[in-house]
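Opening the notebook on a two-part question today.

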Amino acid sequence: MSAAKNVTTASFEADVLKNEKPVLVDFWAEWCGPCRQVSPILDQIAEEYGEKLEIVKVNVDEEQQLAMQYGIVSIPALQVFKSGQVVKSIVGAKPKSVLVNDLAEFLA
Amino acid sequence: MRDVIIIGSGPAGFTAAIYTARAGLKPLLIASSVEVGGELMKTTEVENFPGFPEGIMGPGLMANFQEQAEKFGTEIVYDDVVSVDLAGDVKVVKTGLGDVFEAKTVIVATGAAYRELGVPREKELSGYGVSWCATCDGFFFRDLKVAVVGGGDSAMEEANFLTRFASKVYLIHRRDSFKASKIMAERALANPKIEVIWNSEVAELHGEPKLTGVTLRNTVDGTTSQLDVEGLFVAIGNDPRTELVKGQIEISDEGFIKVEGRSSKTTLPGVFACGDVIDPTYRQAITAAASGCVAALDAEHYLTNH
């Protein structure tokens, strides 16, 4: 099970939009195989770069409204929020080296 | 040095692991970083795998394969193989995170990768309406119109699955009949939410930033037409994944790894191949598993004689 915080519609504003740090939101679901594969990789990134980038999860089954609001049509979808805005969007499971590279500007 | 390295984690790779592990060879299976379990991870109910009369979910079946392989001592690495050197007596396998593994034998079970449409903007719209995984993404198309491209079993499965969510599923096929199995084709044709568009292929994708529609080209008379859909699921087949071993072992004209007769022996001693990467014909979970068993026994035999 992932160590990442589960975010809901109720906590989204405080946890994501008003967070002082950039936040990577992992939109995922139980039934999504690739989501399960990327989850431990995100845990590793959180462990190594947690100071710079916070990583949280949104379960799209439970939070359909949030998924719709942010235009999710494919998961895993990783969206980075900075000052309340989506500044980066990554779709699909990718190896750690690729993710770290894609997220470089937020991990430095 | 190890006895066996297995590259791949589908039914072929895990079956090779179960057999070599039971033979006491302590196999190392390199499962990939984000595709562990292979193609079956993208399926829902598997109804034709013997031993499961009630059917079993694809990911559940692969979890069972893995549990069985680990039970007998298979070591699993969750990383991608980036290069191999197979020519010598010591085979060398390097992974994305920089690890280097050596073994006396290598079993290649890298499977096949989905085929792309080859139309402009396909990459850009991937994950934004264009998808290769109905079970992953179908959920987001509730009450919307979608299309599936293809005429084989996986296209039928995807189309049927998508009717759970979508208001309408167009099934676009470039010929005038399906090559899918009868049971799968009949199920799709009988589904009131599915409309088949025969003799057509996707020529263009439209929408920004998300897909809103496609241009279809009739394969008989070349005329074009517009189709408004918010999702396009591509199921037009797979190509064997041979990039890793190309240039080191022989590849057939059709692009599959060449093996000797009914065995798994490639053109290099100590290198064996199994599953979809050698199979232009059957490509079922059960035939891949059987072929993984063949590779394990061939590797075991080779190790005994060397």
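I started with Cys133(B), which counts as buried at 6% relative accessibility; buried means under 20% relative accessible area with a 1.4 Å probe, protein chains only. Before going on I noted that this is a predicted model, where local features need pLDDT of at least 70, side-chain atom pairs count only at pLDDT 80 or more, and totals for chains, interfaces and linings use all residues. Residues are numbered from 1 along each chain as its sequence is written, chains are lettered from A and ligands numbered from 1 in the order written, and side-chain values use heavy atoms, leaving out hydrogens and water.

Next I looked up the partner: a disulfide (cysteine sulfur atoms within 2.5 Å) joins Cys133(B) to Cys136(B), S to S 2.2 Å. Cys136(B) is buried too, at 3%. I read 65 degrees about the S-S bond, a right-handed link.

Cys274(B) is in no disulfide, and the nearest cysteine sulfur, that of Cys293(B), is 9.9 Å away.

In chain A I found Cys32(A) and Cys35(A) in a disulfide, sulfurs 2.3 Å apart. That link is right-handed as well, with 85 degrees about the S-S bond.

Then the interface: 18 residues of chain B are in contact with 19 of chain A, contact being heavy atoms within 4.5 Å. Val34(B), Phe139(B) and Phe140(B) supply 36% of the area chain B buries against chain A, buried area being the accessible area (1.4 Å probe) that two parts lose on being put together, summed over both.

How many salt bridges cross it? I got zero, counting a Lys or Arg side-chain nitrogen within 4 Å of an Asp or Glu carboxyl oxygen.

Methods. Buried means under 20% relative accessible area, exposed over 50%, partly exposed in between (1.4 Å probe, protein chains only).
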